[in-house]
Amino acid sequence: MTETSLNAFKGTPEQKQKFDEVISKYKDMPGALLPVLQEAQGIYGYLPIEVQQMVADGLNVSLSEVYGVATFYSQFSLTPKGKHRISVCLGTACYVKGADKVLAELENQLGIKSGECTPDGLFSIDSCRCVGACGLAPVMMIDDEVYGKLTPDMVKGILDKYIKEGDNE
C-alpha cells in the first residue's frame, strides 16, 4: 500500500476513546470486522491506514484482512472527505455535454484529483454515474445542491460561494 494522501491523519483523544469502546463492544463477536469498520468510519470520517491498523490490532486480525474488506465495499473511504463534497456526474448525458471538462476545471481550481480532499479539508471531489438530472446535463452536486447546464468557466464562481461561506464562520 503505497497510497499517499495530501491530508495527514489527525485522530483526537475523544475519537480514540470512542473507538476503544467500539472495540470492547465487538472484540469477541464473530463477524465483527464489518460493523467495527462502519463505526470506525463514523468516528473518523474515513479509514486511513492508521485506523485500519487499530482495527486489526483491536480485533486481532491481519491488516490485509481489514484492508480487503475496506476496499471491497464501496461504502468505505480510505481518503478523507471535505466539508463540502463535490460529485460530478459522468453518466452518458452529462459526459457527452462536457462533464469531463467541468471535472478537469474543478481539479485545476482546487489542485486535487477526483477521489482526493483539499489540504484545508474544505472540498473533496468524486465522480458518479448519474444523479438523475439528465435534463440539466452536465451536472455536479456540492453537498445537496445541484448545479446544472455547467460550463468549465462557471466552476470558479460556484467554488467562490463556498469559500466565502467558509470565511464567514
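Predicted model: local features only at pLDDT ≥ 70, side-chain atom pairs only at ≥ 80, totals over all residues.

Reply: Residues are numbered from 1 along each chain as its sequence is written, and side-chain values use heavy atoms, leaving out hydrogens and water.

Me: Which residues of helix α3 are buried?

Reply: Buried means under 20% relative accessible area, exposed over 50%, partly exposed in between (1.4 Å probe, protein chains only). Helices are DSSP runs (H or I, at least four residues), as are strands (E, at least two), numbered from the N terminus. In α3, residues 49–59, the buried ones are V51, Q52, V55, A56, G58 and L59. Their cover includes α1, α2 and α4. After α3 comes N60, with a positive phi near 60°.

Me: How many salt bridges does a search of the whole structure find?

Reply: Side chains of opposite charge can pair when their charged atoms come close. A salt bridge needs a side-chain nitrogen of Lys or Arg within 4 Å of a carboxyl oxygen of Asp or Glu. The search finds five. One of them joins K25 and E39, at 3.1 Å from N to O. K25 lies in α1 and E39 in α2, so the pair ties together parts 14 residues apart in sequence.

Me: Where do K156 and D160 lie?

Reply: Both lie in helix α7, four residues apart, about one turn. K156 is partly exposed at 44%, and D160 is partly exposed at 24%.

Conventions. Contact = heavy atoms within 4.5 Å.
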